[in-house]
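Subject: Structure handover

Hello,

Here is the structure for you to take over. My notes on what was found in it follow below.

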Amino acid sequence: DAKTTQPTSMDCAEGRAANLPCNHSTISGNEYVYWYRQIHSQGPQYIIHGLKNNETNEMASLIITEDRKSSTLILPHATLRDTAVYYCIVRVAHWDSWGCTCAISPWWQVRRRVAFI
């Protein structure tokens with residue numbers, strides 16, 4: 001069972017990139033790295049996930065080290081609207097017949113909370 005460790009809080013200048021690190025040194029070969037955030041009084045919001053390759057979408061980039069023992073979520077231009085609790089989660093996923101990534105464990109099986117920006 002992979003565990004993640006993250007800083008308990010981080011500060012970031014508005015308009016600058018925010019780099020949120022996550023250590024997952026016990027990750028196994030079939031576990032994905034997922035990032036979610038939870039803005040005050042709202043439900044969790046999916047940000048991005050990856051297995052081995054670096055990923056980028058309209059919200060963020062995910063950089064995964066070659067040995068997969070750590071990763072960094074990059075918010076390219078952080079603003080006050082990005083203030084939230086960020087969760088790094090390692091979990092097994094599989095592809096269903098429609099090509100969707102389906103998580104086996106729910107997002108709330110979180111090992112530790114991360115950052116307020």
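In this predicted model, an open sheet is formed by 4 strands in the order 1-6-5-4, and the pairing is antiparallel. Strand 1 (18-23) and strand 4 (55-56) are the edge strands, each pairing on one side only. Within the sheet, strand 5 (residues 61-64) and strand 6 run antiparallel and are joined by 4 bridges. Ile 64 has Ser 71 in strand 6 as its bridge partner.

The chain has 8 strands and 0 helices, so the pattern along the sequence is β-β-β-β-β-β-β-β by the run assignment used here. Of the 117 residues in the protein chain, 36% are buried. For contacts between residues at least 6 apart in sequence, 58% join residues at least 24 apart.

Strands 2 and 3

Strand 2 pairs with strand 3 (residues 44-50) in the antiparallel sense, over 6 bridges. Val 33 stands opposite Gly 50 in strand 3. The hairpin of these two strands has 5 residues between the strands, and Ser 41 in this hairpin takes a positive phi near 65 degrees.

Aromatic pairs

How many aromatic pairs does a search of the whole structure find? The count is 3. In one of them, Tyr 32 and Tyr 34 have ring centres 6.3 Å apart and planes at 50 degrees, so this pair is tilted. Tyr 32 and Tyr 34 are both buried. Tyr 36 and Tyr 46 form an edge-to-face pair, with 5.9 Å centre to centre and 75 degrees between the planes. This second pair links distant parts of the chain, with Tyr 36 in strand 2 and Tyr 46 in strand 3, 10 residues apart. Tyr 36 has 11% relative accessibility and therefore counts as buried, whereas Tyr 46, at 35%, counts as partly exposed. Tyr 32, Tyr 34, Tyr 36 and Tyr 46 belong to one aromatic cluster. Tyr 34 also has a charge over its ring: the charged end of Arg 91 sits there, 3.9 Å from the ring centre.

Nonpolar side chains tend to be buried together in soluble globular proteins. The largest nonpolar core here has 18 residues, and those that touch the most other members are Val 33, Trp 35, Ile 47, Leu 73 and Tyr 86. Two or more residues come from each of strand 1, strand 2, strand 3, strand 5, strand 6 and strand 7. Leaving out residues up to four places away in sequence, Ile 47 touches Trp 35, Tyr 36, Arg 37, Asn 57, Met 59, Ala 60, Leu 73 and Tyr 86. There is also a second, separate core of 6 residues, which includes Tyr 32, Tyr 34, Tyr 87 and Ile 89.

Salt bridge

The salt bridge count comes to 1. Which residues form the salt bridge? Arg 37 and Asp 82 do, and their closest N and O atoms are 2.8 Å apart. The pair links distant parts of the chain, 45 residues apart: Arg 37 is in strand 2 (residues 31-38), and Asp 82 is in the loop between strand 6 (70-75) and strand 7 (85-95). Are these two residues buried or exposed? Arg 37 has a relative accessible area of 9%, so it is buried. Asp 82 is buried as well, with a relative accessible area of 15%. The cut-off behind both calls is that buried means under 20% relative accessible area. Arg 37 is also among the residues that Ile 47 touches.

A loop position

Thr 26 lies in the loop between strand 1 and strand 2. Thr 26 is partly exposed, its relative accessible area being 47%. The C-alpha atoms of Thr 26 and Val 90 are separated by 9.7 Å, while the two residues are 64 residues apart along the chain.

Regards

Technical notes
Residues are numbered from 1 along each chain as its sequence is written. This is a predicted model: local features need pLDDT of at least 70, side-chain atom pairs count only at pLDDT 80 or more; totals for chains, interfaces and linings use all residues. Side-chain values use heavy atoms; hydrogens and water are left out. A salt bridge is a side-chain nitrogen of Lys or Arg within 4 Å of a carboxyl oxygen of Asp or Glu. Buried means under 20% relative accessible area, exposed over 50%, partly exposed in between (1.4 Å probe, protein chains only). Two strands pair if DSSP finds at least two bridges between them. Rings of Phe, Tyr and Trp (its six-membered ring) pair if their centres lie within 6.5 Å; planes under 30 degrees apart count as stacked, over 60 as edge-to-face and the rest as tilted. A charge sits over a ring if NZ of Lys or CZ of Arg is within 6 Å of the ring centre and within 35 degrees of the ring normal. A nonpolar core is a set of buried Ala, Val, Leu, Ile, Met, Phe, Trp, Tyr and Cys residues joined through side-chain atoms within 4.5 Å. Contact means heavy atoms within 4.5 Å.
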